[in-house]
Amino acid sequence: MIMKHRTYTVKGMYCPACKEIIEETLLESGKVTEAEASMAKGTVRVSYEGENVTAGELNALFSNGAYTFSDTPAQKNSVDDLLKAAAVALIITGFVTTISYSGLQSIPAIGTASSFGALFLFGLLAGLSSCAALVSGVLLSLTSQWMSKYKEDTSLLHKMEPHLFFNIGRIATYTLFGALLGLLGETIRLSPAFTSFMIVTISLLMIVPALQMLGITFFNRFSIALPKKAGRPSSLSGKRTASPLQAAGAGVMTILVPCGFTMAAEGAAILSGSASTGMLIMLFFVLGTTLPLFIIGFSSTKLGSNPRTSRLYMKTAGMLIILFSFYNMNDRFDLTGRFSLAGSSGAGTSESVAVAAVTNQREQTAAEGNAALVKTIYTNAEDITPSTFQVKTGQKVRMVVDSRDTGTGCMSTIMIPGLYEKPQSLVKGTPVIMEFTAKKPGSYKITCAMGVPRGVINVK
């Protein structure tokens, strides 16, 4: 019998897992003898014997509408669908931004003596604001891949399994890390430079699958997949599922990209000086963040499994990932000018430059070791003013930050890498006091816990 070949356009194939699912389903059906899908072209080429295989027959194999086949070239994205997705994504991003900049994160004062309830509430607020922008973006991207690994008749409960293992991985890792922080202190705290690198890397990597989810086929060529034989799992004869180990591993990796809230909780764990206390601090914090993430995972799986909402969900998730990526980059690099960077807000003027005045030493008592006094004022509008200071090598310095507003988002903490490594919370009406001795000359940036620069101390 003569072997026939035919190529169909496929809509909904946005990731390597989708490609594998399409190929496997077609082969399992017995209607074709060969199937080769191409993400870059948005097509699948099938080989068969006997009667022609129609697009309708292929569509019947995917009754939930996740993938649709046609004999005609792929149509462009519907403008209406994109506008609806954009509206939903902007509303969600606006909610996250409002929570982040509202100062709500300071309702529970986080410290070594904080109650478990306060730590849980702090984590809950983190999961609804700036932490959500990073971890939720990763979770949305993972959800789309996990969903494609299940068959259509798989129950919602089973489809939620990878989300359960993802959060188990997070909870176990954060709890263990809290114990290590309490035991060893700041010696193993993730540096601002490292966290910044991870945030930038993940934000950029998330954009490609997001564009694929939006149906921009040009980006389908950018994917990492195993060779055809190696990538063909044993699901041809068995059950297709997402790997619990991989899902848990993804949860474990989120410890490498902490947000400002996480850094504040880590700071409390460090100051505890106790493995058990540090463990409990991070445990109740991560439990608070887990509830919003689990709700996001449930909603994503539910909407993505419904034929009537799956396409709108996919485009909305793609736009959310892009917006969250920009949000994270802005928090790190001040892309919109929301936060003043060192030297970018008139540095050099009398308002923004100050010298640690030796004349102010008279304000110190003998018990304070005759330290040089450095004073600055924090407000949400101006950040710290003045923002540039000069001290002497070997001189003891007492820096006092008069907090006239409560810090927001990732800028809710302040530290001086190389001089004062413990992040301090900026809470209205509570002065921040940082004492240190500058042992080596150089310029030391004043930053938030995530490394965003906000001023500089020059040591001469």
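Predicted model: local features only at pLDDT ≥ 70, side-chain atom pairs only at ≥ 80, totals over all residues.
**The antiparallel sheet**

Four strands make an open sheet in which the order is β2-β3-β1-β4 and the pairing is antiparallel. The edges are taken by β2 (34-38) and β4 (68-70); each has a single partner strand, so one side of each is left without a neighbour in the sheet. From one strand to the next, the twist averages 30°. Within this sheet, strand β1 (residues 3-11) pairs with β4 in the antiparallel sense. V10 has F69 in β4 as its bridge partner.

**The mixed sheet**

Another open sheet has 4 strands in the order β6-β5-β8-β11, and its pairing is mixed. Its edge strands, β6 (383-385) and β11 (432-437), each pair on one side only. Here the twist averages 25° from one strand to the next. Strand β5 (residues 372-379) and β6 run in the antiparallel sense where they pair. In β6, I384 stands opposite Y378.

**The hairpin and the paired strands**

Strand β9 (residues 413-416) pairs with strand β10 (residues 420-425) in the antiparallel sense. Q424 in β10 is the bridge partner of I414. The hairpin of β9 and β10 has 3 residues between the strands, and G418 takes a positive phi near 95° there.

| Strand pair | Sense | Bridges |
|---|---|---|
| β1 and β4 | antiparallel | 3 bridges |
| β5 and β6 | antiparallel | 3 bridges |
| β9 and β10 | antiparallel | 3 bridges |

**Helix α10**

Which residues of helix α10 are buried? In this helix (residues 244-253), they are A247, A248, A250 and G251. An α-helix has 3.6 residues a turn, so residues three or four places apart point the same way. L245 and Q246 are exposed, and they sit on the face of α10 turned away from its buried side.

**Helix α12 and the surface patch**

A nonpolar patch on the surface is formed by F120, L287, L291 and I295, which together have about 320 Å² of accessible area. Helix α12 (residues 275-305) gives the most to this patch, with 3 residues. L291 lies in helix α12. Why does L291 count as partly exposed? Its relative accessible area is 43%, and partly exposed covers values between the buried limit, under 20%, and the exposed limit, over 50%.

How values were computed: Residues numbered from 1 in each chain as written. Heavy atoms only, no water. Patch = residues over 30% accessible without salt bridge, like charges linked within 9 Å, V, L, I, M, F, W, Y side chains within 5 Å. Areas by Shrake-Rupley, 256 points an atom, 1.4 Å probe, with all protein chains shown as cover. Salt bridge = Lys/Arg side-chain N within 4 Å of Asp/Glu carboxyl O. Helix = DSSP H or I, 4+ residues; strand = E, 2+ residues; numbered from the N terminus. Buried < 20%, exposed > 50% of the residue type's maximum accessible area, 1.4 Å probe, protein only. Pairing = 2+ DSSP bridges. Axes fitted to C-alpha atoms, helices over the stretch in contact; angles between N-to-C directions.
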